[in-house]
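Colleague: I would like to learn how to read a few features of a protein model. Could we go through them one at a time?

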Amino acid sequence: MAHKTRLLNGGKNLVRNLVLGRSVSTSSKRKTTLLKQLLSSPQLAFLMEAHSGLSARIVEEAGFHGIWGSGLSISAQLGVRDSNEASWTQVLEVAEFMADATHIPILLDADTGFGNFNNARRLVRKLEDRGIAGCCIEDKCFPKTNSLLDGRQQPLADIQEFTLKIKACKDHQRDPDFCVVARVEAFIAGWGLQEALTRAEAYRNAGADAILIHSKKSDPSDIEAFMSQWGNKCPVMIVPTKYFKTPTEHFKELGISTVIWANHNLRASVSAMQNTCHQIMSEQSLVNIESKVASITEIFRLQQDHELRAAENLYLPKK
């Protein structure tokens, strides 16, 4: 009888752990610590873009160890431009759903910090409250302009102003492992290597946990030039959206810390939805579509309906 009782209690504990989100395979480390270790690891790391709770869960299931909360993708899925048309609280709400849906750390693309130092340091506090592991802030003016738009002015922030913004974020974080990444836009704005190095050094001295050096050239020459002079002073991140033909092995050779695949889940979903809509409109039938899309069962699985069923068994009275 005692053995049977232990088995029953064991089964209940398994259900309770499922309901509470406990897993023996889930790291006990904070997400902030996981991100900090990811950035400082001698091994090349990868962050994959997500823009919703569902896409974040898909990224985690694919085996990535971190998520890039893309500003472009989040704004696009809201149907607005990547020009701070979505408010910081709306971005924060999306990021919270992403954090709730996953166990791996999220680095949020926080644009310019949504204002001056005061806005940026308040954002850091709110991100910490919601389980976001870090933010990446770029040294441009608010409202920002997407870096990959052609023929647009990309005015940079004053170096001292942005340096103090980074310092304010670091001074006001409560979790010592929360990561603040400084994104250097000098190459994007048409400045040369020296400007990029000067800005990166100032931001590192202000406490930035990593530098994201950005370029929209179709080759990695800007990145190569920067890394040849940087001297491994702190981790460097890149976004090879435009120089995607560069072998990943080359990034390892340059000493890059982390590669961000910045917008491909959004772009993949747009193509899939466009094709599906056009085909259904043309054929006025689902016959040729059903086999090409995820099953309803798969959607329920990604929504973790199994957890709700377990919770119902545990918390609803039995009829």
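**Cysteines, domains and a helix pair**

Modeller: Keep in mind that this is a predicted model. We can start with the cysteines.

Colleague: What is a disulfide, and how many disulfides does the count come to here?

Modeller: A disulfide is a covalent bond that joins the sulfur atoms of two cysteines. The cut-off is a sulfur pair within 2.5 Å. By this rule, the count here is zero. Cys169 is in no disulfide, and its nearest cysteine sulfur, that of Cys135, is 5.5 Å away.

Colleague: Is Cys179 buried or exposed?

Modeller: Buried means under 20% relative accessible area. Cys179 has 0%, so it is buried. Cys169 also counts as buried, because its relative accessibility is 0%.

Colleague: Which domains does the domain assignment give?

Modeller: The assignment gives domain 1, residues 35-262, and domain 2, residues 266-299. Their centres, taken over C-alpha atoms, are 33 Å apart.

Colleague: At what angle do the axes of helix α8 and helix α9 cross?

Modeller: Helix α8 covers residues 193-205 and helix α9 covers residues 221-230; their axes cross at roughly 55° and come within 10 Å. The two helices are therefore oblique to each other. The crossing of α8 past α9 is right-handed.

Colleague: Which residues meet there?

Modeller: From α8, the residues include Leu193, Ala196 and Leu197; on the α9 side, Ala225, Phe226, Gln229 and Trp230 take part.

Definitions and conventions. Residues are numbered from 1 along each chain as its sequence is written. This is a predicted model: local features need pLDDT of at least 70, side-chain atom pairs count only at pLDDT 80 or more; totals for chains, interfaces and linings use all residues. Side-chain values use heavy atoms; hydrogens and water are left out. Buried means under 20% relative accessible area, exposed over 50%, partly exposed in between (1.4 Å probe, protein chains only). Domain bounds come from an automatic or database domain assignment. Axes are lines fitted to C-alpha atoms, for helices over the stretch in contact, and angles run from 0 to 180 degrees between N-to-C directions. Helices (H or I, at least four residues) and strands (E, at least two) are DSSP runs, numbered from the N terminus. Angles under 35 degrees count as roughly parallel, over 145 as roughly antiparallel, 65 to 115 as roughly perpendicular and the rest as oblique. A crossing is left-handed if the near helix is turned anticlockwise from the far one by less than a right angle, and right-handed if clockwise. Contact means heavy atoms within 4.5 Å.
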